[in-house]
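Work through the following exercises with the sequence and the structure side by side. Try each task before reading its solution.

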Amino acid sequence: MPIFEINRFRKARLSAKMTQAQAAEKIGVDPITIIQWEKGSNTPTKRNLEKAATVYGCSTSDLLEPDAVSVGSG
């Protein structure tokens, strides 16, 4: 199951050349919410994650930690 990844979220915002306040306005949340998401003290709902991906011009999977792949011994 993918996990919200704060570093990917922040990098996506910066790549979109947005301040936290600009991102918050476009996503429809309070600026403190963006700060909390980027610090990891709160996580976005699925709906807000989808909005953020649209605003940042990426996919939701770009904002999530990739699934770990197990490698068996051969």
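**Exercise 1. Find which residues are linked by ring pairs into a cluster, and describe the pairs that involve Phe9.**

Solution. Ring pairs join Phe4, Phe9, Trp37 and Tyr56 into a cluster, where rings of Phe, Tyr and Trp (its six-membered ring) pair if their centres lie within 6.5 Å, and planes under 30 degrees apart count as stacked, over 60 as edge-to-face and the rest as tilted. This is a predicted model, in which local features need pLDDT of at least 70 and side-chain atom pairs count only at pLDDT 80 or more, while totals for chains, interfaces and linings use all residues. Residues are numbered from 1 along each chain as its sequence is written, and side-chain values use heavy atoms, with hydrogens and water left out.

Step 1. The structure holds three aromatic pairs. In one of them, the ring centres of Phe9 and Trp37 are 5.6 Å apart and the planes stand at 90°, so this pair is edge-to-face.

Step 2. Phe9 belongs to helix H1 (residues 6-15) and Trp37 to helix H3 (residues 31-39), so the pair ties together parts that are 28 residues apart in sequence. Helices (H or I, at least four residues) and strands (E, at least two) are DSSP runs, numbered from the N terminus.

Step 3. Phe9 counts as buried at 0% relative accessibility, and Trp37 is buried as well, with a relative accessible area of 2%. Here buried means under 20% relative accessible area, exposed over 50%, and partly exposed in between (1.4 Å probe, protein chains only).

Step 4. Phe9 also pairs with Tyr56: their ring centres lie 5.4 Å apart with the planes at 70°, so this pair too is edge-to-face. Since Phe9 lies in H1 and Tyr56 in helix H4 (residues 46-56), the pair ties together parts that are 47 residues apart in sequence.

**Exercise 2. Which residues of H2 are buried, and which exposed residues lie on the face turned away from them?**

Solution. Step 1. The buried residues of H2 are Ala23, Ala24 and Ile27. They cover an arc of only 100° around the axis, which puts them on the same side of H2; the arc is that of the directions from the helix axis to the C-beta atoms.

Step 2. On the face of H2 turned away from this buried side are the exposed residues Glu25 and Lys26.

Step 3. The cover over the buried residues of H2 includes H1, H3 and H4, with contact meaning heavy atoms within 4.5 Å. Just after H2, Gly28 takes a positive phi of about 95°.

**Exercise 3. Describe the buried side of H4 and what it packs against, and then look at Asn48 and its surroundings.**

Solution. Step 1. Asn48, Leu49, Ala52, Ala53 and Tyr56 are buried in H4. Viewed down the axis of H4, these buried residues fall within an arc of 140°, so they line one face of the helix.

Step 2. The face of H4 turned away from its buried side carries the exposed residues Lys46, Arg47 and Thr54, whereas the buried residues pack against strand E1 (3-4), H1, H2, H3 and strand E2 (64-65).

Step 3. Asn48 is buried, with a relative accessible area of 15%, and it touches Ile27, Val29 and Trp37, not counting residues up to four places away in sequence. The backbone nitrogen of Asn48 lies 3.1 Å from a polar atom of the side chain of Thr45, a residue placed in the loop between H3 and H4 and partly exposed, with a relative accessible area of 46%.

Step 4. After H4 comes Gly57, whose phi is positive, near 75°.

**Exercise 4. Which residues have the most contacts inside the largest nonpolar core, and which element gives the largest share of it?**

Solution. Step 1. A nonpolar core is a set of buried Ala, Val, Leu, Ile, Met, Phe, Trp, Tyr and Cys residues joined through side-chain atoms within 4.5 Å. The largest one has 16 residues, and those with the most contacts inside it are Phe9, Ile27, Ile34, Trp37, Tyr56 and Leu63.

Step 2. H1, H2, H3 and H4 are the elements that give two or more residues to this core, and the largest share, four residues, comes from H4.

Step 3. Leaving aside neighbours within four places in sequence, Leu63 is in contact with residues including Phe4, Phe9, Leu49 and Tyr56.

Notes
Polar contact = N/O pair within 3.5 Å; in protein donor to acceptor, adjacent residues only side chain to side chain.
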